[in-house]
Amino acid sequence: MSLRVRAAAFLGLVAALAGCGGEGGSPQVKPPDPPPKFDYPLDDVLRLNHLQTKSTHNSYHIETEGNTVGEWRYTHAPLDVQLGAQGVRHVELDLRYDLDLEAFEVYHLPVLDEQTTCRMLTDCLRVLKDWSDAHRAHHPIVVQFEIKDAVPADEAAAESYFAALHEEILRVWPDDRILVPDEVQGDAPTLREAVLSKGWPTLGEVRGHVLFTLDDEGETRKAYTKNHTSLAGRILFADASPADPWAAIAIVNDPIGEAAAIAEALAANMLVRTRADGDPGEVIETGSTIEREAAIASGAQFVSTDFPAKVPEAEYWVEIPSGMPSRCNPITAPSECSAEAIEDPKFVGP
């Protein structure tokens, strides 16, 4: 049973129980509102892998006062400002589970580098959701999680950890606004085969949605992919190589040294995230744009940066050429694609 079917059954049961004992004894269940429609002429042609857009690295991060570490030398605007004024559509959140709070927190490093625009995961997700509610014509927002905890080795304990993460996501984002692996896989034998043969959903099918991904290559990914076999019933897509059965997204951070890996992933219809600037301090000091140009030219769908807008201390920032906020992917988009057909500001708003 898929995530959506299980969620619908659960909500139906809750509604039925709530209605019992009321006047007449019959539950009154309000049907969900139909999704809004937008006049995008290529919404049944363009797919999620046909675009290229801006991403931010450690999207919550605020530089600690007195910091002297070059790699921590950046401060991001609140998430809704990134989505609106800066045209970001892919964000990254570092997660740690607080046993006392029984909740996930978002920050980089304890004490040394833990300033953040939204400390609790649910608060971060709510900022994204509120912006999405007000701008439903947006193409999907991608939220990349890097889990900083050592996920328990015991299978049952690991599943409890993942269930807690899923619960916090679903507390903010409704199930019908989340694109999950089961939905992309459909009746294909594996997610990899579905992405290769059927491809990603059309933009018309997923406007106003969010997609969650897992940035990990170790034990956490092994546990989340059920010993490297499947993402059935999961909410997050997981970093993969093209041959993996769960292959749908790839995190390839070096657009120069790993250019071949990016090209291979794109050829497999995967969504790719790469980085335009790996060291903020070096970028501020040198103003080098070599990585940035390589990242944009690579065709990776999500070009991550610590500088999504101009800042006083640097003559460097990242813009997607002709992006509104996104552009037609230079490698994967069909010839009829246009930036306005991906996301037009007149429909999305500021």
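## Strands β7 and β8

Strands β7 and β8 run parallel and are joined by three bridges, and in this predicted model one of the residue pairs can be named: isoleucine 249 has leucine 271 of β8 as its bridge partner. Strand β8 is mostly covered, since five of its five residues count as buried under the cut-off of 20% relative accessible area.

In a regular strand the side chains alternate between the two faces of the sheet. In β8, Leu271, Arg273 and Arg275 point one way, whereas Val272 and Thr274 point the other way, and all of these residues are buried.

## The cavity and its lining

The structure holds one cavity of 30 Å³ or more, and the volume of the largest cavity is about 60 Å³. Which strands each supply at least two residues of its lining? They are β4 (141-147), β7 (249-251) and β8 (271-275).

The residues that line the largest cavity are His90, Val142, Gln144, Thr213, Ile249, Ala250, Ile251, Leu271, Val272, Arg273 and Phe302. By class, this lining divides into seven nonpolar residues, three polar residues and one charged residue. Among the lining residues are Ile249 and Leu271, the two residues that are bridge partners between β7 and β8. Leu271 and Val272 both belong to the lining, although Leu271 points one way from β8 and Val272 the other way.

## Strand β2 and its partners

Strand β2, which covers residues 88-98, is mostly covered, with nine of its eleven residues buried. Strand β2 pairs in the parallel sense with β1 (residues 51-56) over two bridges, where lysine 54 stands opposite valine 88 of β2. The pairing of β2 with β4 is also parallel and extends over six bridges, and here leucine 93 stands opposite phenylalanine 145 of β4.

With strand β3 (residues 103-106), by contrast, β2 pairs in the antiparallel sense, over four bridges, and arginine 96 stands opposite glutamate 105 of β3. The hairpin formed by β2 and β3 has four residues between the strands, and in this hairpin glutamate 102 takes a positive phi near 55°.

## The loop between β1 and α2

Threonine 64 is found in the loop between β1 and α2 (79-84), and this residue counts as partly exposed because its relative accessibility is 21%, while buried means under 20%. What does threonine 64 touch, if residues up to four places away in sequence are not counted? Threonine 64 touches Leu112, Asp113, Glu114 and Gln115. The C-alpha atoms of threonine 64 and valine 111 are separated by 9.5 Å, with the two residues 47 apart along the chain.

Asparagine 58 also lies in the loop between β1 and α2. Its phi is near 45°, a positive value in a residue other than glycine, and asparagine 58 counts as buried because its relative accessible area is 3%.

## Other local features

The loop between α8 (219-224) and β6 (236-238) contains asparagine 227, whose phi is near 60°, again a positive value in a residue other than glycine. In the loop between β9 (302-305) and β10 (327-328) lies proline 325, and the peptide bond that leads from methionine 324 to proline 325 is cis, with omega near 10°.

Helix α9 (residues 259-267) includes glutamate 264. Is glutamate 264 buried or partly exposed? Glutamate 264 counts as partly exposed because its relative accessibility is 48%, while exposed means over 50%.

## The protein as a whole

The protein contains 13 helices and ten strands. Of its 350 residues, 51% are buried, and the protein exposes about 15,500 Å², of which carbon and sulfur atoms supply 54%. Among contacts with a separation of 6 or more, 68% are accounted for by residues 24 or more positions apart.

Methods
Residues numbered from 1 in each chain as written. Predicted model: local features only at pLDDT ≥ 70, side-chain atom pairs only at ≥ 80, totals over all residues. Heavy atoms only, no water. 1 Å grid on protein atoms, 1.4 Å probe; cavity = no way out; pocket = protein on both sides within 12 Å on 5 of 7 lines; lining within 4 Å. Points joined across faces, edges and corners; volume = space filled by probe spheres on them. Nonpolar A, V, L, I, M, F, W, Y, C, P; charged D, E, K, R; others polar. Buried < 20%, exposed > 50% of the residue type's maximum accessible area, 1.4 Å probe, protein only. Pairing = 2+ DSSP bridges. Contact = heavy atoms within 4.5 Å. Areas by Shrake-Rupley, 256 points an atom, 1.4 Å probe, with all protein chains shown as cover.
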